[in-house]
Protein chains: 4
Amino acid sequence: MPGAQDDGIHAVRRTVSDLHAELVRYGLVVWTAGNVSARVPGRDLMVIKPSGVSYDDLSPEAMVVCDLEGAVVEGDLRPSSDTAAHAYVYRHMPEVGGVVHTHSAYACAWAARGEPVPCVLTAMADEFGAEIPLGPFAPIGDDSIGRGVVGTLRGHRSPAVIMRNHGVFTIGADARAAVKAAVMCEDAARTVHLARQLGDPVPLRPEDIDRLYHRYQNVYGQRP
Amino acid sequence: MPGAQDDGIHAVRRTVSDLHAELVRYGLVVWTAGNVSARVPGRDLMVIKPSGVSYDDLSPEAMVVCDLEGAVVEGDLRPSSDTAAHAYVYRHMPEVGGVVHTHSAYACAWAARGEPVPCVLTAMADEFGAEIPLGPFAPIGDDSIGRGVVGTLRGHRSPAVIMRNHGVFTIGADARAAVKAAVMCEDAARTVHLARQLGDPVPLRPEDIDRLYHRYQNVYGQRP
Amino acid sequence: MPGAQDDGIHAVRRTVSDLHAELVRYGLVVWTAGNVSARVPGRDLMVIKPSGVSYDDLSPEAMVVCDLEGAVVEGDLRPSSDTAAHAYVYRHMPEVGGVVHTHSAYACAWAARGEPVPCVLTAMADEFGAEIPLGPFAPIGDDSIGRGVVGTLRGHRSPAVIMRNHGVFTIGADARAAVKAAVMCEDAARTVHLARQLGDPVPLRPEDIDRLYHRYQNVYGQRP
Amino acid sequence: MPGAQDDGIHAVRRTVSDLHAELVRYGLVVWTAGNVSARVPGRDLMVIKPSGVSYDDLSPEAMVVCDLEGAVVEGDLRPSSDTAAHAYVYRHMPEVGGVVHTHSAYACAWAARGEPVPCVLTAMADEFGAEIPLGPFAPIGDDSIGRGVVGTLRGHRSPAVIMRNHGVFTIGADARAAVKAAVMCEDAARTVHLARQLGDPVPLRPEDIDRLYHRYQNVYGQRP
């Protein structure tokens, strides 16, 4: 059924294209410096932003379809320069359906100092279930970033990692969940930054973090 | 007169739905993390945001009608995960017609450190008549948050409480007044944060706070 | 010529109503907490915002015309609670055609600490020609604020004064110039705040401030 | 071919007019305090913003065409008060096709302290290839600013210079590249400011900066 498959890819193209507007709305990106990708369900393919294209100029057609080694399968434009990192995550974390990368400012401030964001707010316990961890410094372009992301997030509750001196990568069951994690990551990075400017945040107890995390993951929101 | 009653509920649904746009406009919420409710005048009912639904997708019809124990009376969606807290406030503070909850960033920075916001600006004296007090840490889902909110705000001039490690709850004679309190709370939390970053604010004298508060509550604005 | 006079007042009503949108655009106000007024040219009248009315609901017709003692001459709504302060300025500074009051956040942080904003940027020298001075703490409602504003700004180059524990008042040859001063005041208060967070700004030499000020006042912009 | 030449100038007028909207969108300017210019390809002319005109009122027709000494060649309005600085850059850096000047707040905070922005983020290495350097204090109106800009940026990788106590000048192969540099400059100034508020950023190694810079300049984006 190639037609049905193409329809599936087109829907993913639209989703990925549209979700970039959320990065803009929440101020996570400037100019062209951030990207969203999604796995094509049931196929060894991903859809990702083209490199260096303005968020104003995105459309489903402009998105690039790559295989999970990062090679272009479909599309007139070159894919994001972070394609190798996204592809590595999809190859090594089959449960991941979406990946987001940003240089959002408060998270990058933690990245520049090389510090994780401690879990001192109920909203952080809800979404991250723990601190937002720090990943290694890694050069751009080969598998190094992907290895750092997977090595940090595998087995961790947090869907977000702050890569040292670089920025944020988030994962999710789908691309929308990864975008949500990127939004909540910057919000947490900002709020804890503000808290620490004037003193020391009161830690949350591990058992409170556990309880909040499990409740949020199982009770919050609408159920199908 | 069931028809008239239904009209009354519909008007409250619209008000509650629309007021969420103010939370977005003033940057008090990200993604789906904040909610407004209103008491239905003359009935033991409240109208509240559905859980985990995007602010873009709200409508009067999407709002959820609950009784004052938090049980759903009308609506296809599950109510906010903060419903128990809102309901507790309506049960124990009959003068309250609206409740708002946010995780606005500057207020949450005070929450993370466990500090009230001192009253050092005339605009704070006007709206809050005192410091913005700190409420206890409390788990989400049962009556604990509601008890903490009521225990802190009953007998206090401030319509806002900052719950430790969590966020803001505000109350008002109606939902619009509670939204206003949430907006002014974040503005005060931000301004005093900025002031304290570079030194110590000059305290306002208690008699000046009293005079400003009484004037604002009685003279400001339009009179019916 | 009452008709021509009424046309003149209507034009001022429109200008004052429209200029409030600039306060919103530049983030100088939240909810209803700031106001613009203008002198009616050639008459002992001023046009000012009504008290406690949302910026969304302003229109030329909603503006209030007062005499220079602050008494309402024309309009269905009550005038701003800061009317006495505006009126005092118009009575005592005949060169002033517009007055603006805000609680913009960075300026209020300086107000809470009771500090003037030092002139350490060429943009400040251009617009203010000096530090932005600090005015006294004064109760709201009588002539005290007006006296503090006039006492601080008369003979000073700066069109803006930061009133201790309160907020900003600015003046201008017309209302638009006063709004510009309010915008530039917050921008200066913010930038110097940021500079001081990480060290000590390098002072500008008085002779450089003088040269910048005179050039900007005489050469910048379009000439009639 | 005067017609073709005029078409060329009109296209540059439109580009320069439109690009000011990016300064507004990214919050780099308030009121009228920032400007973009572009060299007219193949001619000793530049197109620049008129002085003191609101960004709302810009249009291709309102732009001013000057020769590279800064004298007006075409246009009803007076050119930007920074025209001499722009012109100096075009005369002395033939590879430059666009110049931007802003007073963006975080960059101006570094300017007020007289400090360059250290290169501690991969995004800075990509765009600037080095720290963002500090230029001298210079009076406005004559060649001093232009000399300071050219003296600092000639032979430097960075397309942005922070002029002491003043603001930012950026250059690019065309006006759009200069605008991008202004956007990235403020983003870097802000992020490193935030990082330093809570500790010391981890330096990037010079060889990592080199590798990132060369990759970004040669691999990022779409190729013609």
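Start on chain A, where the crossing of H3(A) and H6(A) is left-handed (the near helix is turned anticlockwise from the far one by less than a right angle; clockwise would be right-handed). What you have open is a predicted model, in which local features need pLDDT of at least 70, side-chain atom pairs count only at pLDDT 80 or more, and totals for chains, interfaces and linings use all residues. Residues are numbered from 1 along each chain as its sequence is written, chains are lettered from A and ligands numbered from 1 in the order in which they are written, and side-chain values use heavy atoms, with hydrogens and water left out.

**Stop 1: H3(A) on H6(A)**

Select residues 105-113 of chain A for H3(A); this helix packs on H6(A) at about 65°, the axes 7 Å apart. Helices here are DSSP runs (H or I, at least four residues), strands likewise (E, at least two), numbered from the N terminus. Axes are lines fitted to C-alpha atoms, for helices over the stretch in contact, with angles from 0 to 180 degrees between N-to-C directions. The pair is therefore roughly perpendicular (65 to 115 degrees; under 35 is roughly parallel, over 145 roughly antiparallel, the rest oblique).

Now show side chains. From H3(A), Ala105(A), Tyr106(A), Ala107(A) and Trp110(A) meet H6(A) residues including Cys185(A), Glu186(A) and His193(A); contact means heavy atoms within 4.5 Å.

**Stop 2: across to chain B**

On the H6(A) side, pick Arg190(A), Thr191(A), Leu194(A) and Ala195(A); among their partners in H3(B) are Tyr106(B), Cys108(B) and Arg113(B).

**Stop 3: H3 of chain C**

Is H3(C) buried or exposed? Nine of its nine residues are buried, so H3(C) is largely enclosed by the rest of the structure (buried is under 20% relative accessible area, exposed over 50%, partly exposed in between, with a 1.4 Å probe and protein chains only). For the surroundings, select H6 of chain B, plus strands S7 (160-163) and S8 (167-172) and helix H6 of chain C.

**Stop 4: chain A against chain D**

Finally, colour the contact: 30 residues from chain A and 32 from chain D. About 3000 Å² is buried between them, carbon and sulfur atoms giving 59% (accessible area, 1.4 Å probe, lost on putting two parts together, summed over both). On the chain A side, select Trp31(A), Arg78(A) and Arg113(A), which lose the most area to chain D, together 27% of what that side buries.
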